[in-house]
Amino acid sequence: MRSIGSCAIGMASVACGRADAMYEVGFGGPWDCVAGAALVTEAGGCVFDPSGKPFSVMSRRVACSASSALERALAETLAPNSSNPSEPEYFA
């Protein structure tokens, strides 16, 4: 995996098939991922929290994948390291 510097571009890359998956923790806010989440979902991909929980637009964590099998594998890999109690959530 590699970061290209933008959560939205990374998610668009998954939606169009350029990447199989991406994740980001601690991005700026909902505006960084909402459009990307719509693209991935409409393309048939999965959008979720890196901990494996459902995606929350108000959190600062997002992961997406091209398939549900990849979602499970990525969540299993990321979950042990994805929850940081000091990380703020918007409007928590």
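Mentor: A nonpolar core is a set of buried Ala, Val, Leu, Ile, Met, Phe, Trp, Tyr and Cys residues joined through side-chain atoms within 4.5 Å. Buried means under 20% relative accessible area, exposed over 50%, and partly exposed in between, with a 1.4 Å probe and protein chains only. This is a predicted model, with local features needing pLDDT of at least 70 and side-chain atom pairs pLDDT 80 or more, while totals for chains, interfaces and linings use all residues. Residues count from 1 along each chain as its sequence is written, and side-chain values use heavy atoms, without hydrogens or water.

Trainee: Which element gives the largest share of the largest nonpolar core?

Mentor: That core has eleven residues: C7, M11, V14, M22, F27, C33, A37, V40, V47, V62 and C64. Helix 1 (7–15), helix 2 (34–42) and strand 3 (61–65) each give two or more; helices (H or I, at least four residues) and strands (E, at least two) are DSSP runs numbered from the N terminus. The largest share, three residues, comes from helix 1.

Trainee: How many residues of strand 3 are buried?

Mentor: Look at its two sides. R61, A63 and S65 are buried on one, and V62 and C64 on the other. So the buried count for strand 3 is five of five.

Trainee: Which residue in strand 3 is the bridge partner of M22?

Mentor: Strands pair if DSSP finds at least two bridges between them. V47 has C64 as its bridge partner, and the partner of M22 is C64.
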